[in-house]
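Visitor: Could you walk me through this one slowly? I am new to reading structures.

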Amino acid sequence: MVILALLVSIVAGAISGPARKASHARIAGDEETELLKDSARSVAAFKEVYKVLMHPRCMNCHPAGDVPLQNDDSHLHAMLPRRGNGGHGVYAMKCANCHQPTNTPGLRTPPGNPKWALPPADMKMVFQNKNPRELALQIMDYKSNGHKNKAQLIEHARDTLVKWGWDPGEGRSLPPLNYQEFVAAWDTWINTGGYAPAR
Amino acid sequence: MITLNINKKNYNVDVDQDTPLLWVLRDTLGLVGTKYGCGVAQCGACTIHLNGEAVRSCVTKVSRAAGQKVVTIEGLAEKGDHPLQKAWLELDVSQCGYCQAGQVMSAAVLLKENKAPTDADIDAAMAGNICRCGTYLRIRDAIHRAADIQRKGTEKT
């Protein structure tokens, strides 16, 4: 009977993976700053972060495929530009051929930033179609987050391309949180343990 | 005053630094081979090379080109005998011709980076250049032909 119960437990674990509750993926640098871990507060903060990451201003350049997305309906980018190995496009279709260091004035003109690109082919950092748990675990995993440790993750929210989401040029909607709210939620999520929601 | 290097020549132009490079090329310098199509980087007619990349000059501020190397269709080959130009004539690619300078400039970047492009490579590279006459199939054939010409030219030397 004990053996049977043990087997059921193992099989259930194999199917459902880690316990279906808030879970914490340790991240490089974490051990140096043992802050108060608070899974409830962390998960609550990530739910706010998730709303921003799944907004078209963020998600459109984190597509599941190799073509960036466009506009608030996240359709495939006109002309079907490709990711390319480095995330900067291919041949005569490189991002910076049209996307300037700054937004181009006017409606339906190319938005711009000095770092305009998709994630590279060997580290796609897909947001599209990810549920909150999947996205949180991906971001906290050094092997799939662009090799960012904790300090680099915190810094990433201050990156110029991330900030562009709140200065996207004419005619583009803004993420549901303002930038300060996003940074506060991002920092809280990571500093309280970087927990992933149960689903 | 902004100093530009275009087709290996230096020019000093007295224009606002936010002026689109296309305006400077055509209106200030008289290099009218590069065409205005849409003005919003949607059609590719204005494609030039900026440090070897196929940049859309209609949305590129002239300040971005200051001190950089710009090549237009007039400077692609000194004698107008770039393999693409030879192939274009051989296959009689152009119909109205309006988009063709941009097409050739984009194709030149492709051939520089890929000496033997497949149809898929060509389609991926040329997807940003629109032709209202629909000469796409001849363009694709001409790029293959230009790759042959380029390869044979390299073999001879």
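Guide: Let us begin with a term: a residue is buried if 20 or more other C-beta atoms lie within 10 Å of its own, exposed if 12 or fewer, and partly exposed in between, with C-beta atoms placed from the backbone. Helices (H or I, at least four residues) and strands (E, at least two) are DSSP runs, numbered from the N terminus. This is a predicted model, in which local features need pLDDT of at least 70 and side-chain atom pairs count only at pLDDT 80 or more, while totals for chains, interfaces and linings use all residues. Residues are numbered from 1 along each chain as its sequence is written, and chains are lettered from A and ligands numbered from 1 in the order in which they are written.

Visitor: OK, so how many residues of H4(B) are buried?

Guide: In H4(B), 12 of the 14 residues are buried, so the helix is mostly covered. Among them are B:Gln100, B:Val104, B:Ser106 and B:Leu110.

Visitor: And how far apart are its end C-alpha atoms?

Guide: The end C-alpha atoms of H4(B) are 20 Å apart, which agrees with the 20 Å that its 14 residues should span at 1.5 Å a residue; the expected span is 1.5 Å times one less than the number of residues.

Visitor: Which residues touch the most other members of the largest nonpolar core?

Guide: They are B:Val104, B:Leu110 and B:Ala125, in a core of 50 residues. A nonpolar core here is a set of buried Ala, Val, Leu, Ile, Met, Phe, Trp, Tyr and Cys residues joined through C-beta atoms within 7 Å. Helix H4 (residues 100-113) of chain B gives the largest share of this core, 8 residues. Both domain 1 (2-75) and domain 2 (83-156) of chain B contribute residues, so the core lies between them; these domain bounds come from an automatic or database domain assignment.

Visitor: What is B:Leu110 in contact with, leaving aside neighbours within four places in sequence?

Guide: Two residues are in contact if their C-beta atoms, placed from the backbone, lie within 7 Å. With those neighbours left aside, B:Leu110 is in contact with A:Tyr91 and A:Ala92 in chain A, and also with B:Pro117, B:Asp121, B:Ile122, B:Ala125 and B:Ile143.

Visitor: Back to the domains: how many residues of each are in contact?

Guide: Domain 1 of chain B brings 14 residues into contact with 11 residues of domain 2 of chain B. On the domain 1 side, strand E3 (47-50) and strand E4 (53-56) of chain B each supply at least two residues, and E3(B) has the largest share, 3 residues. The centres of the two domains, taken over C-alpha atoms, are separated by 21 Å.

Visitor: New topic, then: what does the secondary structure of chain A come to?

Guide: Chain A has 8 helices and 6 strands, and 33% of its 199 residues count as buried.

Visitor: How many residues does each chain give to the contact between them?

Guide: Chain A gives 16 residues and chain B gives 20. On the chain A side, strand E5 (93-94) and helix H4 (95-98) of chain A are the elements that give two or more residues.

Visitor: Last one: which residues of helix H1 of chain B are buried?

Guide: In helix H1 (residues 21-28) of chain B, the buried residues are B:Leu21, B:Leu22, B:Val24 and B:Leu25. They cover an arc of only 170 degrees around the axis, which puts them on the same side of H1(B); the arc is that of the directions from the helix axis to the C-beta atoms. The buried residues of H1(B) pack against strand E2 (9-13) and helix H2 (62-65) of chain B.
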